[in-house]
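User: Could you walk me through this model, beginning with the charged pairs and then moving on to the overall fold?

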Amino acid sequence: MEGNDETHQPTLVLWKNRMANIEGYYINLDYSKKRRIRIENHLKKINCHEKYQRFAGIEGNQDEAQQRGLKTGELGLWKTWLKLLEHILNKGKIHTYIHILEDDAILSPLFINEIERLDPS
């Protein structure tokens, strides 16, 4: 698979104390344990696991999804995003940046370097 050669990756910069005020979440359904393990291992591998936490996904309802012209998974994801954004607002903790992933995301090792460029204020 092209672009997946992990032997030629650049050196990663760690996020500790210098980076922008970012809070990360990954969305994961409770029964998707393999996907949870995979995203957690991936975040550890690129040295940013301390900035991300799991947020439980909501299972979509087929009847409601059909009424809205959506697929079941789309409705569940939409409801999850709304619940997650409400959770973030209710925490009262201010972050300059919020980064939300699904549990099948693959971040480039260069991602950390790009985050380092963000304004830390």
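Analyst: A salt bridge here is a side-chain nitrogen of Lys or Arg within 4 Å of a carboxyl oxygen of Asp or Glu. By that criterion R36 and E40 pair through their side chains, with 2.9 Å from N to O. This is a predicted model, in which local features need pLDDT of at least 70 and side-chain atom pairs count only at pLDDT 80 or more, while totals for chains, interfaces and linings use all residues. Residues are numbered from 1 along each chain as its sequence is written, and side-chain values use heavy atoms, with hydrogens and water left out.

User: How far apart in helix 1 are R36 and E40?

Analyst: They are 4 residues apart in helix 1, so about one helical turn separates them. Helices are DSSP runs of H or I with at least four residues, strands are runs of E with at least two, and both are numbered from the N terminus.

User: How many salt bridges turn up in the whole structure?

Analyst: The search of the whole structure finds 7 salt bridges. One of them joins the side chains of E23 and K91, with 2.5 Å from N to O. That pair links distant parts of the chain, since E23 sits in strand 1 (residues 22-28) and K91 in helix 3 (residues 72-91), 68 residues apart. E23 counts as buried because its relative accessibility is 5%, whereas K91, at 35%, counts as partly exposed.

User: What does D103 pair with?

Analyst: D103 forms a salt bridge with R35, and their closest N and O atoms are 2.8 Å apart. D103 is buried at 6% relative accessibility, while R35 is partly exposed at 37%.

User: Changing topic, where does T80 lie, and what does T80 touch?

Analyst: T80 lies in helix 3 and is buried, with a relative accessible area of 1%. Leaving aside residues up to four places away in sequence, T80 touches I27, F55, A56, G57 and I58, where a contact means heavy atoms within 4.5 Å.

User: What about T72, buried or partly exposed?

Analyst: T72 is partly exposed, with a relative accessible area of 26%, and T72 also lies in helix 3. With residues up to four places away in sequence again left out, T72 touches G60, N61, Q62 and A65. The C-alpha atoms of T72 and Q62 are separated by 5.1 Å, although the two residues are 10 apart along the chain.

User: Finally, in what order do the elements run?

Analyst: From the N terminus on, the order is β-α-β-α-α-β-α, which comes to 4 helices and 3 strands. Of the 121 residues in the protein chain, 30% count as buried. Among contacts between residues at least 6 apart in sequence, 77% join residues at least 24 apart.

Conventions: Buried < 20%, exposed > 50% of the residue type's maximum accessible area, 1.4 Å probe, protein only.
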